[in-house]
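Look at the sequence and the model first, then read on.

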Amino acid sequence: MSGATEVTTCRSCGGDRPRPFLSLGSTPVANRLVRADALDAVDPTFPLGVGFCERCALVQLTHVLPADEIFDADYPYFSSFSDMLVRHSEKNVVELIESLGLGPDSLVVEVASNDGYLLKAFVERGIPVLGIEPTPGPAAAAREVGVPTREEFFGAEVARRLVDEGLRADVIIANNVMAHVPDLNSFVEGFSILLKDEGVISVENPGVGALLDHTEFDTIYHEHFCYFSTIAVDALLRRHGLELVGVTEFPELHGGTLRWRAGRAGAAGRPDPSVARVLAAERAAGLDSFDRYGSFGAEVGALQDELRTLLSGLKAKGATIAAYAAAAKGATLLNSTGIDTRLVDFVVDRNTHKQGRYMPGARLPILAPEALLDRQPDYLLLLAWNVKNEIMAQQAEYAARGGSFIVPVPRPVIL
Ligand SMILES: [Zn+2]
């Protein structure tokens, strides 16, 4: 096993070492769920912290792991998407088709296309697509539903090869992938190579402004190298001859998502007024200077103290506590806050691939959601607070029988 490497230059602009502003201690890889036969082994831990580049404003991990530590054979297969995400994606598809007049001669490329659920919506409307997805399980599932998919990590090399094959994209979609990309510049250069002159790039990612405002520290984990503001994305795009043409905010999605639309600089029409508006709002919020980030560590520490006190107090009164969703953010929250089986008995998750395993570090057993009604714990800690409304609706029966929900972020509350 190889260790973590300290980041010494900015992943985007190549500037000096990003200035650290938050350490979450040393934690296991968040998605590496523990098998029952490996419970005797100790989970390897790695430093988890973030810093701010004072040159291009990109927030990024202070330490990174070798790729094989993150993408090992046990990397969970994410097949289930929330209803909210499906609705959100379909709306995006319709918008892109209508605004760009896409048709049978167009090409839509999606990077990290997963099981093809988004591209399938273009296929159904007669628009050619190509998915690029590095994980074999989802790539195979996508082909099965008629979405041509290449099993690769996207970057400049792949883009050049596609162009050599005569392919150019009218639209390139990259949702919730940019934070996972080790070579950010090759990734965005790939966009620039593959995009038609009048083409549009549509990138979505949770924004770092919402992360700060709502104390979403648990969205920080080793698999997420970067945490983006529009300011940082703007600098990154410009370096590769691209420019922002529109920004849309989705406050309810993944704790606060931004959609950046971009095109070739000077060729994609005038930027929408949203670009200047969001850039100005981010500067007003201080996202371009260290001061705003400097106070975040104390805010996180206060939330963690409050949550530990709340759970310990309930436990001391004899209450039983379970958790919902064996998500990566749950692993960060549990491990960096010191919450384990002494406070929380088990976690439930709808993903059958996760059931029967254990959360890394905290070692909570992962059970099917039916365990909630079987055991009726007094409290349910919502580790997937970003979809709390959906979970609470699904677990109406648990609540009707007297169960209560604890939402940890942005401040611990009992509902
Ligand atoms: Zn930088």
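Both Cys10 and Cys56 are buried. They belong to the set of residues that coordinate a zinc ion. The model is a predicted one.

**Zinc site**

- The site is tetrahedral, with angles of 103 to 115° among the four donor atoms.
- Along the chain, the donors follow the spacing C-x2-C-x39-C-x2-C.
- Cys10 sits in the loop between β1 (5-6) and β2 (19-27), while Cys56 sits in the loop between β3 (46-52) and β4 (59-61), so this pair ties together parts that are 46 residues apart in sequence.

**Largest nonpolar core**

- The largest nonpolar core has 117 residues.
- Within it, Phe187, Phe191 and Phe228 have the most contacts.
- Helix α11 (residues 296-316) gives the largest share of this core, six residues.
- Why does this core lie between domain 1 and domain 2? Domain 1 (1-71 + 205-294) and domain 2 (297-414) both give residues to it, so the core lies between them.

**Around Phe187**

- Leaving aside neighbours within four places in sequence, Phe187 is in contact with Val111, Phe154, Gly155, Ala174, Val177, Met178 and Val181.

**Second core**

- A separate core has 15 residues.
- Val93, Val108, Leu118 and Val147 are among them.

Notes:
Residues are numbered from 1 along each chain as its sequence is written. This is a predicted model: local features need pLDDT of at least 70, side-chain atom pairs count only at pLDDT 80 or more; totals for chains, interfaces and linings use all residues. Side-chain values use heavy atoms; hydrogens and water are left out. Donors are N, O and S atoms within 2.8 Å of the metal (3.2 Å for Na, K and Ca); water is not among the atoms, so sites may look incomplete. Four donors count as tetrahedral if all angles lie between 85 and 135 degrees; four count as square planar and six as octahedral if opposite donors are over 155 degrees apart and all others between 65 and 115; anything else is irregular. Helices (H or I, at least four residues) and strands (E, at least two) are DSSP runs, numbered from the N terminus. Buried means under 20% relative accessible area, exposed over 50%, partly exposed in between (1.4 Å probe, protein chains only). A nonpolar core is a set of buried Ala, Val, Leu, Ile, Met, Phe, Trp, Tyr and Cys residues joined through side-chain atoms within 4.5 Å. Domain bounds come from an automatic or database domain assignment. Contact means heavy atoms within 4.5 Å.
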